[in-house]
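Here's a quick tour of one chain and the side it turns to its partner. Have the model open while you read.

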Amino acid sequence: MTHDLSLGELQSLALKAARGTGRPHGLAEEAAFGVRWLTERGHDGAGALAALLSETDGRPEGCSIGLGTALSDAGAVPEGPLGPVYSPMMLLPFLAPLCAKDAGLSVTAGDARLALSREGGIEGRALPLGLTQVHVEPCAPPEAGPLHSRARVEDATLQVLTAFAFRTYAPATDESRAKGAGAGVSDND
Amino acid sequence: MSVPAQQKVALRDPQVVMNLKRLGAFHQSRLSFMRILLRRMKREGWRVTCAEWAVDATGVGHAVYSAQGPDRTYSLVAFAHDLPPEARSDRVIATAWDTTFTLFDGVPEAADIERLRANVPLQEAGRITERELTLSRANRSVRLWDHVVQRLAAGQQLDLSLVEQVGYLMRTTAVYGSAKFGAADRAQIEARPELRAPFQAEMLTVYLIRAFVMDLVEHMARAQSADAVPLDPDVRRRFGIGNSTGLGMAPFVMNHPRLIHNWIAAREWALAAVRGVRQASEAEAASFRAHARRAEVNAFEWQSEHPIQQAKLAELRGDMAVLLGELAQFDFEAPYPWDRLWRWGEMALRLEGQEQLAALLLEPYGAIVDTAADQMAADESPIRIDGGRDVADLRRLIERVHPQALTVDWDAPEEQARVWYVSAEKLEPRLGERAEGDVEPYAQPLCPARDAAALYAALDGETGPVAGFLLRHPEHRHTVRRLQIAETHAYAEVRDNTIHADMAPIDLLRAKLSFFGATRFDPRSDRWLRITMFQNAPFPKELSEADPDGWCYPVS
């Protein structure tokens with residue numbers, strides 16, 4: 001079973017889910033953006049994030065978002081293998097802007113390889129979800145296709161993300177119910 | 001933004017504009033979203049029709065109102081319910097309402113209506129799709145609804161004092177837009193000219209809800225009696241749509257820095273453009289005077305029982321008297337009259353009066369300022385952090401954007417007294433007390449000033465590029481991004497402490513609601529309030545003959 005979600009809904013859920021695993025807000029924002037970016041390009045961003053969060057809940061080792069943002073901040077792809085990281089698909093949103101003008105990057109993880117362009121074109125097989133080393137080298141840029149406007153999210157994925165997201169909500173108490181949102185005066189008039 | 005030739009005046013300093021007290025004194029203006037919508041609908045000759053009416057004599061059923069513009073049609077699908085009085089609550093934790101709505105992209109077919117009937121009445125517990133742009137609900141004003149039905153059924157008109165006291169027959173308790181509960185993403189519709197300005201789908205929803213509600217009340221009167229009369233058109237226009245808004249809207253101001261910048265920059269640009277006008281025509285001066293008198297009437301008609309708002313109303317009324325006194329002897333013929341008047345106002349008026357003056361100065365100058373509406377939308381996709389910059393730049397940026405935050409003793413209990421968090425119950429945003437303990441782990445990053453000060457402290461002794469710092473301190477990533485936005489978006493950040501013990505969330509709400517075009521801002525506590533939308537506005541069928549801006553102040 002899959003669910004039809006708006007991209008904004010998915011992005012908001014992904015932000016909370018990443019927060020729920022203890023990631024700082026700024027990294028969680030990047031995770032949410034990354035999920036949306038992959039989804040718009042027809043890939044299962046939600047599934048990639050759910051797998052990553054499940055493996056790295058409460059510990060930063062092997063986090064493709066941490067690695068992706070570090071590369072993005074540094075503004076360059078270093079020589080040699082990257083990682084290993086979980087869900088290397090989550091690297092793509094951060095690698096794409098690092099492609100040289102009119103060039104692409106070939107990204108290999110395990111036995112899967114895909115080509116990536118600066119405009120966000122992706123050609124090739126989705127990368128594996130497990131902990132994998134990643135090799136990146138220049139290649140011809142693939143064409144960027146039209147963007148998808150909705151997300152189809154697997155039920156199991158949605159459950160994982162929702163459970164992580166739920167950790168960011170404070171349990172309701174009678175006191176917070178009464179005071180927190182500011183009620184207390186009759187609103188039935 | 002294009003700057004006309006006469007622009008000589010600098011925009012106001014963001015340190016002056018972006019503090020809570022001033023944000024809490026903002027007024028609706030020509031650049032408010034309701035006015036942007038009605039100007040377009042009139043200019044383009046939109047046709048609004050009741051395409052379907054299937055409401056029975058008990059007031060239960062559905063109706064469809066279609067608004068046809070030059071390129072596309074949008075339809076309000078309205079469901080009317082039989083709500084037991086004990087279930088009526090404006091809180092977001094309510095589960096049933098008198099009426100529920102969605103704005104459909106196009107004209108719905110029977111199958112769409114059935115799909116929506118199974119979901120829209122459930123609101124947050126239902127699902128809508130990319131064919132829908134908004135999801136909303138409204139409850140009756142118990143005080144007024146029964147009075148209106150009974151009077152009309154008896155063939156009589158209304159007790160106007162009661163109408164004035166309330167101002168609406170129904171109030172919406174939420175108008176959800178972009179991407180919420182499955183609705184279309186803004187990205188899907190933002191290229192359409194009619195939805196490019198912010199919140200146009202939401203404003204159109206409320207405008208059509210108002211037309212539906214007035215038709216519904218007349219329908220209910222007719223169902224009671226064959227002698228029922230319709231509302232007198234002049235009285236009918238006095239009804240707006242109420243809105244109850246709680247804390248949920250306040251985080252929006254901090255969560256959308258680029259959007260907020262664009263709203264405020266557009267208005268500040270407009271103010272500067274008018275101040276830069278060298279010579280005012282007689283007609284422009286007369287228009288300004290007339291609007292000022294009407295704003296004074298508004299200040300007196302505007303009622304609130306809340307002490308914070310009563311103090312603000314006293315300030316506004318006092319300031320309006322001072323302003324009208326000045327206008328009686330003001331020389332409009334000497335060069336740069338509006339700049340002189342503005343600079344006088346900065347000395348002679350308090351915050352309420354100054355901000356009312358800022359809004360009034362735009363009124364005679366639609367031809368100059370209305371195009372600023374085109375600049376109020378924002379691309380909010382996350383900006384890439386420029387990690388190559390040196391941390392020294394970041395330090396200087398904090399000194400420039402948040403000088404006040406660097407002087408605060410953040411260890412003092414009152415400075416960090418509050419915690420913004422989201423409750424597990426219907427995901428309602430709430431504000432708690434840090435000292436009470438249990439909500440701290442759920443804190444949302446909604447205090448840019450405190451976070452900037454914390455980053456500044458963490459940067460002590462650091463050297464090298466931002467990228468290296470963030471690798472060691474990912475906890476500051478959100479704040480670094482905000483600051484890099486604020487570097488080029490002067491009005492993006494609230495400078496005040498948004499978690500101070502004395503912070504009143506209603507100040508944030510007023511800033512946002514003024515841009516909607518709300519009037520009669522009426523706080524019921526320091527964190528929730530009621531407003532009125534489209535009160536005195538022409539109804540859709542009257543729009544072609546009416547002034548799309550003239551309704552925003554009462555007639556003096």
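## Chain B at a glance

Among contacts in chain B between residues at least 6 apart in sequence, 76% join residues at least 24 apart. Keep in mind that this is a predicted model. Chain B has 22 helices and eleven strands, and 51% of its 556 residues count as buried. Along the principal axes, its C-alpha atoms fill a box of roughly 80 × 60 × 45 Å. The radius of gyration of chain B is 24 Å, which agrees with the value near 24 Å that a compact globule of 556 residues would have.

Now for the contact with chain A. Chain B puts in 51 residues and chain A 36 residues. Here is how the chain B side divides:

| Class, side of chain B that touches chain A | Residues |
|---|---|
| nonpolar | 22 residues |
| polar | 13 residues |

The largest share, four residues, comes from α20(B).

Let's zoom in on α5(B). This helix has twelve residues and reaches 17 Å from its first C-alpha to its last, close to the 16 Å expected at 1.5 Å a residue. Which of its residues are buried? They are B:Leu144, B:Trp145, B:Val148, B:Val149 and B:Leu152. These cover an arc of only 125° around the axis, so they sit on the same side of α5(B). In an α-helix there are 3.6 residues a turn, so residues three or four places apart point the same way. The buried residues of α5(B) pack against β5 (132–140), α6 (160–166), β6 (168–176) and α9 (200–224) of chain B. Just after α5(B), B:Gly155 takes a positive phi of about 80°.

Definitions and conventions. Residues are numbered from 1 along each chain as its sequence is written. Chains are lettered from A and ligands numbered from 1 in the order in which they are written. This is a predicted model: local features need pLDDT of at least 70, side-chain atom pairs count only at pLDDT 80 or more; totals for chains, interfaces and linings use all residues. Two residues are in contact if their C-beta atoms, placed from the backbone, lie within 7 Å. Helices (H or I, at least four residues) and strands (E, at least two) are DSSP runs, numbered from the N terminus. Ala, Val, Leu, Ile, Met, Phe, Trp, Tyr, Cys and Pro count as nonpolar, Asp, Glu, Lys and Arg as charged, and the others, Gly among them, as polar. The radius of gyration is taken over C-alpha atoms; the globule rule is 2.2 Å times the number of residues to the power 0.38. A residue is buried if 20 or more other C-beta atoms lie within 10 Å of its own, exposed if 12 or fewer, and partly exposed in between; C-beta atoms are placed from the backbone. The expected span of a helix is 1.5 Å times one less than its number of residues. The arc is that of the directions from the helix axis to the C-beta atoms.
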